[in-house]
Amino acid sequence: MMTLDVVLSLSPEACRAYYEGRAEQVHAWSTDGRRVAFPAVALRRVVTREGAHGIYRLRVSDQGKLLEITRQADLR
């Protein structure tokens, strides 16, 4: 299992597209410079009325499946 920290800065409108299923994947940059894609449905666990702004930790299985997303820090 591995973890990746990603930086997200998504407006409420952008999150709505993810939340409603109009977008299937979120593309973000990890804090170590890697481009990361993960299922958009995962945002449902962390999005607020203000959107999603901050550093989020992704816990990923050895097979590359997203297991968990948790907020680590606010960037606002």
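Visitor: Which residues does Leu4 touch, not counting those up to four places away in sequence?

Guide: Leu4 touches Arg34, Val36, Tyr56, Arg57 and Leu58. Contact means heavy atoms within 4.5 Å. This is a predicted model, where local features need pLDDT of at least 70, side-chain atom pairs count only at pLDDT 80 or more, and totals for chains, interfaces and linings use all residues. Numbering starts from 1 along each chain as its sequence is written, and side-chain values use heavy atoms, with hydrogens and water left out.

Visitor: Where is Leu4 found?

Guide: Leu4 is in strand E1, residues 2–10. Helices (H or I, at least four residues) and strands (E, at least two) are DSSP runs, numbered from the N terminus.

Visitor: Why does Leu4 count as buried?

Guide: Its relative accessibility is 9%. Buried means under 20% relative accessible area, exposed means over 50%, and partly exposed lies in between (1.4 Å probe, protein chains only). The value of 9% falls under 20%, so Leu4 is buried.

Visitor: How far apart are Leu4 and Asp62 in space, C-alpha to C-alpha?

Guide: They are 13 Å apart in space. In sequence, 58 residues separate Leu4 and Asp62.

Visitor: What makes Ser30 count as buried?

Guide: Its relative accessibility is 6%, which is under 20%, so Ser30 is buried. Ser30 sits in strand E2, residues 25–30. Leaving aside neighbours within four places in sequence, Ser30 is in contact with Asp5, Val6 and Val36.

Visitor: Gln25 is found in which strand?

Guide: Gln25 is in strand E2. At 42% relative accessibility, Gln25 lies between 20% and 50%, so Gln25 is partly exposed. Not counting residues up to four places away in sequence, Gln25 touches Tyr18, Ala37, Phe38 and Ala40. From Gln25 to Arg71 there are 46 residues in sequence and 18 Å in space, C-alpha to C-alpha.

Visitor: Why is Leu75 called partly exposed?

Guide: Its relative accessible area is 48%, between 20% and 50%, so Leu75 is partly exposed. The place of Leu75 is in the segment after strand E5 (66–73). Leaving aside neighbours within four places in sequence, Leu75 is in contact with Val7, His53, Gly54 and Ile55.

Visitor: Why is the pair of Arg22 and Glu20 called a salt bridge?

Guide: A salt bridge is a side-chain nitrogen of Lys or Arg within 4 Å of a carboxyl oxygen of Asp or Glu. The N to O distance for Arg22 and Glu20 is 3.0 Å, so the pair qualifies. Arg22 has a relative accessible area of 58%, which is over 50%, so Arg22 is exposed. Glu20 is partly exposed at 48%.

Visitor: What makes Arg34 and Asp32 a salt bridge?

Guide: Their N to O distance is 2.8 Å, within 4 Å, so Arg34 and Asp32 form a salt bridge. Arg34 is partly exposed, with a relative accessible area of 40%. Arg34 is also one of the residues that Leu4 touches.

Visitor: How many salt bridges does the structure hold?

Guide: The structure holds five. Side chains of opposite charge can pair when their charged atoms come close.

Visitor: How many positive and negative side chains does the protein have?

Guide: There are 12 positive and 9 negative side chains. Lys and Arg count as positive, Asp and Glu as negative; His and the chain ends are not counted. The centres of the two sets lie 3 Å apart. Each charge is placed at NZ of Lys, CZ of Arg, CG of Asp or CD of Glu.

Visitor: In what order do the elements run from the N terminus on?

Guide: The order is β-α-β-β-β-β. That gives one helix and five strands.

Visitor: Why does the radius of gyration agree with a compact globule?

Guide: The rule, taken over C-alpha atoms, is 2.2 Å times the number of residues to the power 0.38. For 76 residues a compact globule would have a value near 11 Å; the protein has 12 Å, which agrees. Its C-alpha atoms fill a box of roughly 30 × 25 × 20 Å, taken along the principal axes.

Visitor: What share of the 76 residues is buried?

Guide: Buried residues make up 36%. Among contacts with a separation of 6 or more, 49% come from residues 24 or more positions apart.
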